[in-house]
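Student: I have a model open and want to work through its fold. Can we go step by step?

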Amino acid sequence: MNRGTTLSLYVGPAIPLPAPRFAVEALTEVTVTAGTGATDGFELKFNMTSDSTALQTIFLLSGGAVPPWIRVVIAVDINGASDVLMDGVVTQTQIAPDSGSGPTQLVVKGRDISELMDSVDFSGLFPYPALPLEGRVALILAKYMVFG
């Protein structure tokens, strides 16, 4: 039985939640580059209208410049089997003005979650002398917002 293909988009700081309906409806293009090493990333394009303030607010608040980073998870469901294509953070946002051939677009670019790990130096911040092994691991993962 063929149930089809569904794309899911999750957005948010630290723990991403399902994207609001208006964002999913405005989404026109998804590009994921994975498995190529340092260039693993994504690009999302959204059509903007005069009432796209909420859409801009979701992504333009950080743009990857300073914390809090906006995390994006792109998943695909094919015939009931779900697979995450990209788990990353927003590194750049831009508005592409209407060029006469189409509407104004919000372009959101990002890299996989390793971008977050590479951008902050946590060396020397977490002393571990009296912690058991499980506590050390929990502290190490907590600084990268990895839960569960």
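Student: How many bridges join β5 to β6, and do the strands run parallel or antiparallel?

Tutor: Keep in mind that this is a predicted model. The two strands β5 and β6 run antiparallel. The number of bridges joining β5 to β6 is 8.

Student: Which residue in the hairpin of β5 and β6 takes a positive phi?

Tutor: Look between the strands, where the hairpin has 2 residues. One of the hairpin's residues has a phi near 50°. That residue is Asn79.

Student: Which residue of β5 is the bridge partner of Val11?

Tutor: Turn to the pairing of β1 with β5. These strands run antiparallel, with 8 bridges joining them. The partner of Val11 in β5 is Val72.

Student: How many of the residues of β5 are buried?

Tutor: β5 is joined to β1 by 8 bridges, and 8 bridges also join β5 to β6. The strand is mostly covered. Across the protein chain, 30% of the 148 residues count as buried. For β5, the count is 6 of 8.

Student: What is the distance from Asp112 to the nearest side chain of opposite charge?

Tutor: Asp112 is found in strand β7. Leaving aside neighbours within four places in sequence, its contacts include Asp40, Met86 and Asp87. Asp112 is buried yet has no salt bridge, because the cut-off is 4 Å. The nearest side chain of opposite charge is Arg111, at 4.4 Å.

Student: How many helices and strands does the protein chain have?

Tutor: From the N terminus, the elements run β-β-α-β-β-α-β-β-β-α-α. Residues 24 or more positions apart account for 55% of the contacts with a separation of 6 or more. The secondary structure comes to 4 helices and 7 strands.

Terms used: Residues numbered from 1 in each chain as written. Predicted model: local features only at pLDDT ≥ 70, side-chain atom pairs only at ≥ 80, totals over all residues. Heavy atoms only, no water. Buried < 20%, exposed > 50% of the residue type's maximum accessible area, 1.4 Å probe, protein only. Lys, Arg positive; Asp, Glu negative; His and termini not counted. Contact = heavy atoms within 4.5 Å. Pairing = 2+ DSSP bridges.
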